[in-house]
Amino acid sequence: MAPDPWFSTYDSTCQIAQEIAEKIQQRNQYERNGESTTKLTVTIRALLQNLKEKIALLKDLLLRAVSTHQITQLEGDRRQNLLDDLVTRERLLLASFKKEGAEPDLIRSSLMTGGAKRGAPNPWLFEEPEETRGLGFDEIRQQQQKIIQEQDAGLDALSSIISRQKQMGQEIGNELEEQNEIIDDLANLVENTDERLRTETRRVTLVDRKSASCGMIMVILLLLVAIVVVGVWPTG
């Protein structure tokens, strides 16, 4: 497996920072001995410029890795802390080069792990979390890839659930459309039935009126017949 480019760049940047600290210490020793420091000063300036460019590259690589989800948020925070330490180193080294701020010997001892005094805290040592403590870069990378794969699996499961819910919603929508069509058909049927009922009611009313008229006519005819019979029938 290819090494992580961020950690490779980080290691080389740390080596440059340590080399600058050693060169500054050497320059100061030359000055105390009255020797020329011109060549060392030029070398230190070039190394400081290289350190600045390396830190800028680390920032760009970290931003790209976080934005494209190549690493977890926890690992992104861890690398940002390492990067912040490097930026602080750069400022201290620059101040030491310009003979500002802390004493050069103190800065050198804090930059070089091997030269740190026993029992003295090293400000450049970052306390790693329990999950990554004691692991190498490749092991940390494998752990990150495993976490990313678990996250991807969780997202796939969530996507599957959402797809099923969407399908259920579509089926419910189709069923509602069918129910609405049935309701529309029933409404049309009720309206047609109501119209026929009103028509039949009008017919019954008309028949009733005709029946009443016919009855009256029969009564009148019977009365007329009775009158005629009485008028024609001879009286005793």
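Reply: Start with surface patches. Patches are made of residues with over 30% relative accessible area and no salt bridge, and like charges are joined within 9 Å. This is a predicted model.

Me: Which residues form a negative surface patch here?

Reply: Glu175, Glu177, Glu178, Glu181, Asp184 and Asp185 form the patch. One of them, Glu178, lies in helix H5, residues 137-232.

Me: Now the salt bridges. How many does the structure hold?

Reply: Side chains of opposite charge can pair when their charged atoms come close. This structure holds six salt bridges.

Me: Which parts of the chain does the pair Arg79 and Asp4 link?

Reply: Their side chains meet at 2.8 Å, N to O. The pair links distant parts of the chain: Arg79 sits in helix H3, Asp4 in the segment before helix H1 (5-32), and 75 residues separate them. Arg79 and Asp4 are both buried.

Me: What about pairs within one helix?

Reply: An α-helix has 3.6 residues a turn, so residues three or four places apart point the same way. Take helix H2 (residues 38-67): Asp60 and Arg64 lie four residues apart, about one turn. Their salt bridge is 2.5 Å, N to O. Asp60 is partly exposed at 36% relative accessible area, and Arg64 is partly exposed at 46%.

Me: How far apart should the ends of helix H3 be?

Reply: Count 1.5 Å a residue. The 25 residues of H3 (73-97) should span 36 Å, and the end C-alpha atoms are 36 Å apart, so the two agree. Lys99 follows H3, with a positive phi near 60°.

Notes:
Residues are numbered from 1 along each chain as its sequence is written. This is a predicted model: local features need pLDDT of at least 70, side-chain atom pairs count only at pLDDT 80 or more; totals for chains, interfaces and linings use all residues. Side-chain values use heavy atoms; hydrogens and water are left out. Patches are made of residues with over 30% relative accessible area and no salt bridge: like charges are joined within 9 Å, nonpolar side chains (Val, Leu, Ile, Met, Phe, Trp, Tyr) within 5 Å. Accessible areas come from the Shrake-Rupley method with a 1.4 Å probe; for residues, only the protein chains shown count as cover. A salt bridge is a side-chain nitrogen of Lys or Arg within 4 Å of a carboxyl oxygen of Asp or Glu. Lys and Arg count as positive and Asp and Glu as negative; His and the chain ends are not counted. The place of a charge is taken as NZ of Lys, CZ of Arg, CG of Asp or CD of Glu. Helices (H or I, at least four residues) and strands (E, at least two) are DSSP runs, numbered from the N terminus. The expected span of a helix is 1.5 Å times one less than its number of residues. Buried means under 20% relative accessible area, exposed over 50%, partly exposed in between (1.4 Å probe, protein chains only).
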